[in-house]
Amino acid sequence: MTDTHDVIIIGAGHNGLVCAATLAKAGRRVVVLERADRPGGAARTRTFAPGYSVSSGAHFLNQFPVSLIEELQLAKHGLRFAAKGLATVALQADGRHLRLDGAKAAATDLGAVDQQAFAEFHAEIASYAAVLAGAFGRRPPRLVDSDWRDRLGLLKLGWDIRTLGRDRMREVLRIGLMNIHDLASERFEDARLRSAVAFDAVLGTSMGPRAPNTVMSYLYRRTADAFGHAGPSIPVGGMGAFADALAAAATARGAEIRLQAGVASIVVHEGRATGVVLDSGEVLNASTVISNADPRTTLKGLVGYRELDAGFVRRVEGIRMRGMAAKLHLALDALPSIPGLDAANAGDRLVLCPSLEGLDEAMNPSKYRQFSAEPVIELCIPTLHDPSLAPPGKHVISAVVQYAPVDLEGGWTAAARAEFEARIMARLETVMPGIGSLVSSSELCVAPDIQSEFGIHGGHWHHGEISVDQLLMMRPVVLFSQYAMPIDGLWLCGAGAHPGGGVMGLAGRNCAQEIIRKRASA
Amino acid sequence: MNTLATRPAHDPRAMLETPFHPRIAAANGLQSWYNWKGYVSAERLDQIEFEYFAIRNATAVFDISPMTKYRIEGPDSEAFLNRLFTRDVRKIREGRVGYGVWCDDAGQVQDDGTLFHTGPDLWRLCSQERCLDWLHWSALGYDVRITDETASVAALAVQGPTSCSTLRAMGLSGIETLKPFELRSFPFHDGELMVSRTGFTGDLGYEIWTSTALALPLWDALFAAGEHFLIKPIGSAALNIARIEAGFIMAGADFVPAEQGVRHGRSRSPFELGLDWLVDFDKGQFTGRRALLAERASGSRYRFVKLDVEGNKPATNSFIFGAGQRKVVGTVTSAVWCPTAKSNVAMASLDMPYGRPGEELWAEIYYMRELKWTRVMARAKVMETPVFDPPRRRQTPAPRF
């Protein structure tokens, strides 16, 4: 038994590392325990075929605040960008692709009215997302037993909405709970524009475009603007290199990171967390135990429901986290041709989503535990920005594909995987004719694989669906949104806590600040 | 599989009948019925005084079949129940019965009930409220099976000084050696009777549990055997007098079950119901433990007291005033004139710190005589023990009357 740390952080995901760096800077003796042999959690670069590497989880850096990058001095710790502020191209089978670059929408035959409408829409959404981003940087206010800080936070949120101006305040309250299908149809004439916007609203969720909450998840994604990103970025060396920089920052501030040190359970004595037991049987003690794992894994797997109150357990069981996104990694002998796309734009974020109706139809089978017949896809060719990921002249495609439910009927057998991969390839062929013949190796990771690779329950990226009932003071569950769990000394710092998932890092930072504040006031 | 009683769709009657209904309906001279959790139940069959004195002087029979009953079984049943209850159920050995409460996360009482340890890894939980959903949520992480057996178990409370003699005469030999809160099975016809020395009267008494098929044979055998011991069927009204006299609280009357409360602050913790003895912090985790520890550290909001009220007018629904008669410090939850103890008892929930043992308070009593309402302020003294607690309640072997 060792007792040399104040704080144990379970999991070296990006939130765990941010939390570690923040606490270490405040003078805490922090140890981060990671089951894998690399830090980063779902921000990881992995070799999937000899000579070919890819970001095996998240493949863009999009929401991690630029201010946090500077605060942690990640550049000093090795973070370099291969590409920044990528535009999005909505690929069309007929070659009439739509390119969205910030507020600018461009396509050969896109009408001036829609171009204008998109520019206005972009600015309007950015103003709403900025309000949300403001709330993301603070702990969520408690509504019951609130203190002055909670009331101030609530006041700030109200004030931020009010200062949008009368018309925009009304509009955000009108659309906040709407579905993206209706909103996009209301704002745009062009089918490509509608579906490109809608795709961004459902990406990483289990919702279709007609589901309420999808406007909220679109706003959620667009907080990226407020965090200083003009579009997705790609680190040199993939997301694993970003994680390495975070780990270096945490280590430089005094945190210890132990790899291949998986935590088997959290030790609870008389309602207080006193430490953890590793897979190896080793016991580590600390007065503060912070979990970067998702709420279900933490509370059911590591703590055990028997140590908790039944009502709380019921809420944790109710967290919706049904993984729906798969990843496909392709090793290519040559760059695929994309007819109609300017070669200079091949390195953009590419989206394959035919229409609103097509998106709806792609989602429908998932309700019945089937995968999409015609999946929708977000992909990038990172080797165009960072050739180090593949042998000279060769390329890699990293694709996020929906909808592939974690609980597929009959399970994800080899046959089911082959069938789904064939359907993805068929979709890719429509915009990249002949791509099949370029593939030398491929890897499909469906939600159960994501669950086992990253330890996320349900294989859900965000550690829980992004929706109004699971955000802010409802995340992870109502009454426990301020990172402290109902076991003394146990905290949650991952994406399952406020403000949520994506590679954002704010859950980790807010959690650390809450712990520091609590000690200061005690 | 839940065996809830159901009616055919074409049957217009909205209420269920208990297995004893044919006998009770025949005996119910007043035809005064009420709805107990969906079952037609007798409120009174005869003059309430006759029924009450059957409890205290002879043998009273009350049909408790509508009481909610859950069968809990499986290797984790004890661990599950220990997480549910605030008391340590491991101390309820096989063949014993325990009274207890269970709370929500906020440490507020959901319900009280009796727990029968009927066999290895086999229990019966009897409660006032339906709580199958809460039991299922509490069972997450436990290997346990929970079945609602309300409709498949027939049960009678047989209470009063001659109850033991009645059961002996019925052929339950050795019943007098059954200790309070103990249970034992007796062969009966082609099945068996489970008898527990429990009840809601504070008197010598038993509860008999059997299959619905044996309900009417049980009734007939019981009344044949009890004829010389002045056996009498009773309704809920007489029972209510007896339970207040004995100082027993009732869900829905003396506290709001936490899951049913809508308004903030209306529910009560075990401490606020005077049930401190049912909370065991040393047994490990149970739902509400964290909140109750916090309450113990910071103090309770309310105190539950038994009051000895001067005069003979029940302090029903009264406000309780502090010593100066100026400030309302609480309200009465149950009140009745107790005929055996000859005292006017009220149970009340008071704001802290009022209600210390022996403290003198005032009850504001309104009563009406021929449409004229009168208000009196009556002295109300906080009592430490119930007014009715006879030795026969606890004596083993049970005394013969």
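Visitor: Which helices do the buried residues of helix α11 of chain A pack against?
Guide: Helices are DSSP runs of H or I with at least four residues, strands are runs of E with at least two, and both are numbered from the N terminus. In α11(A), residues 310–317, the buried residues are Ala310(A), Gly311(A), Phe312(A), Val313(A) and Val316(A), where buried means under 20% relative accessible area, exposed over 50% and partly exposed in between (1.4 Å probe, protein chains only). Contact means heavy atoms within 4.5 Å. The buried residues of α11(A) pack against α10 (295–303) of chain A together with two helices of chain B, α3 (77–84) and α4 (132–138).

Visitor: What pLDDT do local features need in this model?
Guide: Residues are numbered from 1 along each chain as its sequence is written, chains are lettered from A and ligands numbered from 1 in the order in which they are written, and side-chain values use heavy atoms, with hydrogens and water left out. This is a predicted model, in which totals for chains, interfaces and linings use all residues, side-chain atom pairs count only at pLDDT 80 or more, and local features need pLDDT of at least 70.

Visitor: Are helices α6(A) and α7(A) roughly parallel or roughly antiparallel to each other?
Guide: The axes of α6(A) (residues 180–187) and α7(A) (residues 191–202) come within 9 Å and cross at roughly 150°. Such axes are lines fitted to C-alpha atoms, for helices over the stretch in contact, and angles run from 0 to 180 degrees between N-to-C directions. Angles under 35 degrees count as roughly parallel, over 145 as roughly antiparallel, 65 to 115 as roughly perpendicular and the rest as oblique. The pair α6(A) and α7(A) is therefore roughly antiparallel.

Visitor: Is the crossing of α1(A) and α9(A) left-handed or right-handed?
Guide: The axes of α1(A) (residues 14–25) and α9(A) come within 8 Å and cross at roughly 20°, which makes the two helices roughly parallel. A crossing is left-handed if the near helix is turned anticlockwise from the far one by less than a right angle, and right-handed if clockwise. Where α1(A) passes α9(A), the crossing is left-handed.

Visitor: Is Cys126(B) buried or exposed?
Guide: Cys126(B) lies in strand β7 (residues 122–127) of chain B. Among the residues that Cys126(B) touches are Met67(B), Phe116(B) and Trp209(B), not counting residues up to four places away in sequence. At 1% relative accessibility, Cys126(B) counts as buried.

Visitor: What is the omega of the peptide bond that joins Met352(B) and Pro353(B)?
Guide: Pro353(B) lies in the loop between β17 (343–351) and β18 (360–369) of chain B. The bond from Met352(B) to Pro353(B) is cis, and its omega is about 5°.

Visitor: What is the phi of Leu230(B)?
Guide: Leu230(B) is found in the loop between α6 (215–226) and β13 (231–233) of chain B. At 59% relative accessibility, Leu230(B) counts as exposed. Its phi is positive in a residue other than glycine, with a value near 60°.

Visitor: What is the radius of gyration of chain B?
Guide: Chain B has 8 helices and 19 strands. The globule rule, 2.2 Å times the number of residues to the power 0.38, is set beside a radius of gyration taken over C-alpha atoms. For 401 residues the rule gives 21 Å, and chain B is close to this, so chain B is as compact as a globular protein of that length, with a radius of gyration of 21 Å.
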